[in-house]
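Have the sequence and the 3D view open side by side. We will walk through the fold one piece at a time.

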Amino acid sequence: MLIPALLVWAALATDITGCRCDPARPESMEAPLCGLCREAEKQPAGVPYFFLKDSNPFKPNRWLLLPRSHGPDGLSPLLRMTAAERTRLWTAAVQKARELWGDDWGIAINGDTARTQCHTHIHIGRLLKGVETDHFVVVDGPAQIPVPEEGYGLWIHPAGGKLHVHLGERNTETVLLR
Ligand SMILES: [Zn+2]
Ligand SMILES: [Zn+2]
Ligand SMILES: [Zn+2]
């Protein structure tokens, strides 16, 4: 869905930021960077989100969580969602991550310059050993996960019954096992 704010951002174009795809015009979604938009269009109408195994053969352990809607595609999608939408998405991501990896999970969303797909997507995987840093905030659960600053991503993992949310990074999915 093309919204006026996105037009402004599109003027600053780099990869995903220049995408003008529109679900009403399938021909506008043929570019490689719109691959996940095409996957979203294959899902039943009305589902809020869906999971996909990462199709990259070099990332056999990865899953993705995507909203069905194209609403927040493009730049800083988390900033443009409502708090309820974000909480729903993070709750689903945490649940799936836990099912897959027990207490060893991590989830990540890349910053704008580290993304090659315009459709909003969260990476789900196993947290690599030794990636811990000092730059995190501790939260009780998905509803408290802060929104990253414009252009930045975040990564999350469980710690002591709570969640660490690591902010201030752009290429975040690298903390997850490929
Ligand atoms: Zn697109
Ligand atoms: Zn899309
Ligand atoms: Zn941490």
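Begin with a turn. The hairpin of β6 and β7 has two residues between its strands, and there G160 takes a positive phi near 60°. Strands here are DSSP runs of E with at least two residues, helices are runs of H or I with at least four residues, and both are numbered from the N terminus. This is a predicted model, in which local features need pLDDT of at least 70, side-chain atom pairs count only at pLDDT 80 or more, and totals for chains, interfaces and linings use all residues. Residues are numbered from 1 along each chain as its sequence is written, while chains are lettered from A and ligands numbered from 1 in the order in which they are written.

Strand β6 covers residues 153-159, and it pairs with β7 in the antiparallel sense over six bridges. Two strands pair if DSSP finds at least two bridges between them. Across this pairing, P158 stands opposite L163 in β7. Strand β7 (residues 162-169) also pairs with β5 (residues 136-139), again in the antiparallel sense, over four bridges. There F136 stands opposite H166 in β7.

Stay with P158 for a moment. This residue is found in strand β6. Leaving aside neighbours within four places in sequence, P158 is in contact with D103, W105 and L163. Contact requires that the two C-beta atoms, placed from the backbone, lie within 7 Å. P158 and V139 are 19 residues apart in sequence, and their C-alpha atoms are 9.7 Å apart in space.

Step back to the whole sheet. In what order do the seven strands stand? The order is β1-β2-β4-β3-β6-β7-β5, in an open sheet with antiparallel pairing. β1 and β5 stand at the edges with a single partner strand each, so one side of each has no neighbour in the sheet. From one strand to the next, the twist averages 25°. One of the residue pairs here is L52 with its bridge partner L64 in β2.

Next comes helix α3, residues 83-101. Its 19 residues should span 27 Å at 1.5 Å a residue, and its end C-alpha atoms are 26 Å apart, which agrees. The expected span is 1.5 Å times one less than the number of residues. Which residues of α3 are buried? They are R86, L89, W90, A93, V94 and A97. These residues cover an arc of only 130° around the axis, which puts them on the same side of α3. The arc is that of the directions from the helix axis to the C-beta atoms. An α-helix has 3.6 residues a turn, so residues three or four places apart point the same way. On the face turned away from the buried side, α3 carries the exposed residues A84, Q95 and E99. Just after the helix, G102 takes a positive phi of about 60°.

What does the buried side of α3 pack against? Its buried residues pack against β1 (49-53), β2 (63-67), β3 (105-109) and β4 (122-126). Take A93 as an example. Beyond its neighbours within four places in sequence, A93 is in contact with L65, I107, I122 and I124.

Finish in the loops. S76 lies between β2 and α3, and it has a positive phi of about 40° although it is not a glycine. Q144 lies in the loop between β5 and β6. Q144 is partly exposed, with 14 other C-beta atoms within 10 Å.

Technical notes. A residue is buried if 20 or more other C-beta atoms lie within 10 Å of its own, exposed if 12 or fewer, and partly exposed in between; C-beta atoms are placed from the backbone. Axes are lines fitted to C-alpha atoms, for helices over the stretch in contact, and angles run from 0 to 180 degrees between N-to-C directions.
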